[in-house]
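Q: I am new to this structure and would like to learn how to read its features. Could you take me through them step by step?

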Amino acid sequence: MALQIGDVAPDFTAESTAGTIHFYDYLGDSWGILFSHPKDFTPVCTTELGEVARLKSEFDKRNTKVVGLSVDDVASHNGWSGDIKDATGYELNFPLLGDPDHKVADLYGMIHPNASDTLTVRSVYVIGPDKKIKLEITYPASTGRNFQEILRVLDSLQLSASYSVSTPVNWHEGEDVIIATSVSDEEAREKFPKGFREVKPYLRFTPQPNR
Ligand code: BEZ
């Protein structure tokens with residue numbers, strides 16, 4: 001069965017452009033993002049890898065280690081990395097796993113046989129410091145991902161991990177958040193000293209608590 005939110009993210013050892021990666025050791029106590037690419041020397045993947053390299057400092061700020069995967073081997077990735085720099089202006093600054101035998105792709109269900117027997121889809125797994133999967137999204141090979149959305153979800157996940165809140169539709173960092181229904185009004189007054197606004201008894205907004 002496919003990996004689902006709340007499942008433990010499988011550990012693995014694999015070669016990468018940054019040397020051998022022992023996944024759990026590499027993540028340590030950080031958050032992690034593991035994302036797959038269908039194939040080296042392909043156009044959409046080239047743009048995505050340049051974008052993740054550009055955003056590396058944003059992931060660092062969020063204590064999050066990013067790891068890419070493409071089913072070709074590391075020698076091929078090393079050849080491709082020059083093209084990524086030429087095409088996007090950004091050097092690969094995070095590990096890109098080689099996975100020619102599909103070991104990691106199979107562990108994470110990144111190959112969807114009815115789409116392709118040999119290429120991965122564009123999977124994204126966000127993994128918490130407890131090594132559990134917090135988010136999984138799948139895009140088809142033809143659609144480049146929106147990594148601003150991945151950052152937005154990370155912000156939401158990290159907020160909910162620290163406070164009894166969730167985030168409303170289209171929320172962005174800095175906007176009001178929703179108090180968990182498990183928190184009584186009395187508790188809410190204590191936990192959220194900036195106050196809250198009740199739209200419905202089950203829908204109470206409060207300013208983002210960590211700002
Ligand atoms: C791409 O990255 O452009 C791509 C890769 C595999 C299939 C389709 C598109």
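This is a predicted model: local features need pLDDT of at least 70, side-chain atom pairs count only at pLDDT 80 or more; totals for chains, interfaces and linings use all residues.

Q: How many aromatic pairs does a search of the whole structure find?
A: A pair of aromatic rings is described by the distance of the centres and the angle of the planes. Rings of Phe, Tyr and Trp (its six-membered ring) pair if their centres lie within 6.5 Å; planes under 30 degrees apart are stacked, over 60 edge-to-face, and the rest tilted. The search of this whole structure gives 6 such pairs.
Residues are numbered from 1 along each chain as its sequence is written, and side-chain values use heavy atoms, leaving out hydrogens and water.

Q: Is F12 buried or exposed?
A: Buried means under 20% relative accessible area, exposed over 50%, and partly exposed in between (1.4 Å probe, protein chains only). F12 has 5%, so F12 is buried. Y108 is buried too, at 1%.

Q: Where does the charged end of K65 sit?
A: A charge sits over a ring if NZ of Lys or CZ of Arg is within 6 Å of the ring centre and within 35 degrees of the ring normal. Here, the charged end of K65 is over the ring of Y26, 5.1 Å from its centre. Likewise, R204 has its charged end over the ring of F196, 5.9 Å from the centre.
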